[in-house]
Amino acid sequence: MSAVAEKNKQSKKPVMAKLPAATGWVEDLRRAGRAIFDAQGYPTDSKIEAWRHTNIRPIVETEWHPAVADSSAAADLFKHYAFGGDAIELLISNGHYQPAHSSKSLPSGLIVQSLDEAASGPHAEIVKTHLGSRAKADKNPFVALNQAHLNGGLFIHIRAGAAISQPIHVVIAASPDEVAAINYPRILIVVENGAHATIVESYVGPQKGIYFTNAVTEIIAGDDAVIDHYKLNQESREAYHIATMDVIIGRATQFISHSCTIGSSITRNDLNVRLNGEHCFGLLNGLVLIGGTQHVDYHTLLEHAYPNCPSYELYKHVLDGKASGIFKGQIFVHDVAQKTDAKQSSKTLLLSDDAQMNSQPALEIYADDVKCTHGSTTGPIDEASLFYMETRGLSREQARQLLIYAFAADVTRRIKVEPVRARLESFMAALQGLPQDFRIQELASHDDDAVY
Amino acid sequence: MELLKIEGLEAKVAGVGGREILKGVNLTIRAGEVHAIMGKNGGGKSTLAQVLMGKESYEVTSGSITYQGKDLLEMDTEERAREGIFLAFQYPVEIPGVSTSYFLRAAVNETRKHRGQPELDAKDFLKLVKEKQSLLKIDSSFMNRAINEGFSGGEKKRNEVFQMAVCDPTLCIMDETDSGLDIDALKVVAQGANTLRRPDRAILMVTHYQRLLDFIKPDYVHVMIDGRIVKTGGPELAQELEDFGYDPIEKSLAGSK
């Protein structure tokens, strides 16, 4: 291969979409995003610490084309993945909110719009204030790339005091109409004081095929709010998924996150949460169930900016085959954030000799009266446990299934949205060759120091 | 009827250069009998218990074990369990996330399937469990807790004997079940074990101390030293050991060499 061809192979710029004109400040954001991405390119330099452990070459070496906004495939995926029941179902197809397919009757206090519409409508000021305010283009080239494609995203607004009891389920469907399609989902969620909401982001797509989802979600919450957030990645095991979720919450607000990955070939999730008031409660739980050559990289940041906030974090990985996992859990405690109580735990089950886990806690503490603990364990299934169970008449296979299931179910049983839990548990059961409706009702509590 | 016959059993720690632990054990247990194996630490008592259960970290190098006329060494651990052998562990394992109730029902039903009996549904299982719980003074919250997780030493041992009662074994092996128990807990555990005495069932206790034998009267007491059973007697042998220790036996062994 010639030097020029070699260089071309090394890095290909995504083909930029021709976007419809937008409001001036949206155009500005796009331009800024594009300029930053053009300047920085993909973070392939091995000196970039945040990206050192994830090989993004397969992404970089592909020339990505913007996926077509609407597609009938997305509607089919939507039908398949929607929860039904009383859930509010919203569809994003290849990054574009599809109001025609989405739930139309919404409870009072809940506003759902495409970001384009919101950016020029009566909520324009709110959108303008918050869009891009947390997920900064200059901090992450993939955020910049997403921002360069601001178009057709989703705006969810929950008014002060509104308690939305049914889950708001956003199905983010990648439906590539050609090989190597990229989609840029963008979601802005604004939760006002005292509001309660449960939001589920389901990332789905065809179960075969290479596509790339580059997503950004921002959540801005006021005081005394309760947000229960779930993210479920069920994309194709050949797909690529790079996403940032950036969250800021006000005084005495609870933010609970469950992030679960079973799909995609390469996944990178950045989850940044700033507890921006006293008496906040932050909880980040994660579950990764992968095999083959899948790679999942979670970078979480819990930022304690005010005193008297507890935070809990429990990430569990089950890695089979040659799968690899990264967990970088950062806790940043500002000097004023006295009486912080932060607890972090990362546990990994390696089901094969070739699976690999790299778990790194990173505590930066500038206050002197805080409690911060972290723990990390990685290992195969415990032989002593297997033997114990066998001595009671369970087969080795049964014992193994039960131990793996229980390990993962420790996260799923904390999930309050039944369809999310059921979806994960049936996936877990299928992985273990158990019947689809297999569920251990009498699961015992576990890791209760991790709460929830 | 001979339930268990161990002949010339030799075993070592599995793997190249593994230490020899059992150096020719002979032991016959008939249905209805209670046997106690006593001995100092490192003599091979617990290894024998684990080898009987088929633990893979030990390798049987010689000898045979016949259980109810079948070659036990040909069976996997789970098969031994389903055939009616139960080992109450010296150090019961904590298994986070799996409730005792789910685990125990699965265990009972595997054995029932093996024996051609219908599986117990949740209701029948609960009935069985309730009966055994009161026997071992076990709180019903036990069932919903993860197996042994966060249990005290005494709770773990009681849980072992409780599980033994629920599993309805033919041969009960109790490995140092008395260690770590206070006298009240010991009485409860012993009482539970005593109710398991039946003409068609045998109990093999491995213990350091005479204390347990005050509550569960053995028919035979064996002394195990350096991988062999060197002396067998009735319950009076336990008292002798309590009074004089193992020294006289060790000395007489040395003398006979």
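How many residues does H6(B) have, and how far does it reach from its first C-alpha to its last? In this predicted model, H6(B) has 13 residues and reaches 18 Å between those two atoms, close to the 18 Å expected at 1.5 Å a residue.

**View 1. Helix H6 of chain B and the elements around it.**
Within H6(B), the buried residues are B:Leu186, B:Val188, B:Val189, B:Ala190, B:Gly192 and B:Ala193. These buried residues of H6(B) pack against H4, H5 and S9 of chain B, and also against strand S10 (202-207) and helix H7 (211-215) of chain B. The loop between S9 and H6 of chain B holds B:Glu176, a residue that is not a glycine and yet has a positive phi of about 50°. B:Glu176 counts as buried because 21 other C-beta atoms lie within 10 Å, where the cut-off for a buried residue is 20 or more.

**View 2. Helix H5 of chain B, a mostly covered helix.**
The 15 residues of H5(B) should span 21 Å at 1.5 Å a residue, and the C-alpha atoms at its ends are 21 Å apart, so the two values agree. Of the 15 residues in H5(B), 12 are buried, among them B:Lys156, B:Glu160, B:Phe162, B:Met164 and B:Cys167. The buried residues of H5(B) pack against strand S6 (85-88), helix H3 (100-114), helix H4 (122-135), strand S9 (171-175) and H6 of chain B. After H5(B) comes B:Asp168, whose phi is positive and near 55°.

**View 3. The packing of helix H5 against helix H6 in chain B.**
Helix H5 (residues 153-167) and helix H6 (residues 183-195) of chain B pack at an angle of about 10°, and their axes are 10 Å apart. H5(B) is therefore roughly parallel to H6(B), because angles under 35 degrees count as roughly parallel. On the H5(B) side, the residues that meet the other helix are B:Gly154, B:Lys157, B:Arg158, B:Val161 and B:Ala165, while H6(B) brings B:Ala185, B:Val188, B:Val189, B:Gly192 and B:Ala193 to the contact. By class, the residues of this contact of H5(B) with H6(B) divide into 6 nonpolar, 2 polar and 2 charged.

**View 4. The contact between chain A and chain B.**
Here 22 residues of chain A are in contact with 25 residues of chain B. Helix H8 (383-390) and helix H9 (396-412) of chain A are the elements that give two or more residues to the side of chain A that touches chain B, and the largest share of that side, 6 residues, comes from H9(A). Sorted by class, the side of chain A that touches chain B has 11 nonpolar, 7 polar and 4 charged residues.

**View 5. B:Glu110, a residue in contact with residues of chains A and B.**
B:Glu110 has its place in helix H3 of chain B. Leaving aside neighbours within four places in sequence, B:Glu110 is in contact with A:Gly393, A:Leu394 and B:Arg82. The C-alpha atoms of B:Glu110 and B:Arg82 are separated by 7.0 Å, although the two residues are 28 residues apart along the chain. B:Glu110 is buried, with 20 other C-beta atoms within 10 Å.

**View 6. The two domains assigned to chain A.**
The domain assignment of chain A gives domain 1 (3-276) and domain 2 (383-452), and the centres of these domains, taken over C-alpha atoms, are separated by 31 Å. In their contact, 10 residues of domain 1 of chain A meet 8 residues of domain 2 of chain A. Strand S9 (196-204), strand S11 (226-233) and strand S13 (254-261) of chain A each supply at least two residues of the side of domain 1 that touches domain 2, and S11(A) gives the most, with 3 residues. That side of domain 1 of chain A divides into 7 nonpolar, 2 polar and 1 charged.

**View 7. Two buried residues of chain A, A:Val318 and A:Asn94.**
A:Val318 is found in strand S17 (residues 310-319) of chain A and is buried, with 24 other C-beta atoms within 10 Å. Apart from its neighbours within four places in sequence, A:Val318 is in contact with A:Val288, A:Leu289, A:Leu349, A:Leu351, A:Ile404, A:Phe407 and A:Ala408. A:Asn94 lies in the loop between strand S2 (88-93) and strand S3 (96-97) of chain A, and its phi is near 45°, a positive value in a residue other than glycine. A:Asn94 is buried, with 28 other C-beta atoms within 10 Å.

Definitions and conventions
Residues numbered from 1 in each chain as written. Chains lettered and ligands numbered in written order. Predicted model: local features only at pLDDT ≥ 70, side-chain atom pairs only at ≥ 80, totals over all residues. Domains from an automatic or database assignment. Contact = placed C-beta atoms within 7 Å. Helix = DSSP H or I, 4+ residues; strand = E, 2+ residues; numbered from the N terminus. Nonpolar A, V, L, I, M, F, W, Y, C, P; charged D, E, K, R; others polar. Axes fitted to C-alpha atoms, helices over the stretch in contact; angles between N-to-C directions. Parallel < 35°, antiparallel > 145°, perpendicular 65-115°, else oblique. Expected span 1.5 Å × (residues − 1).
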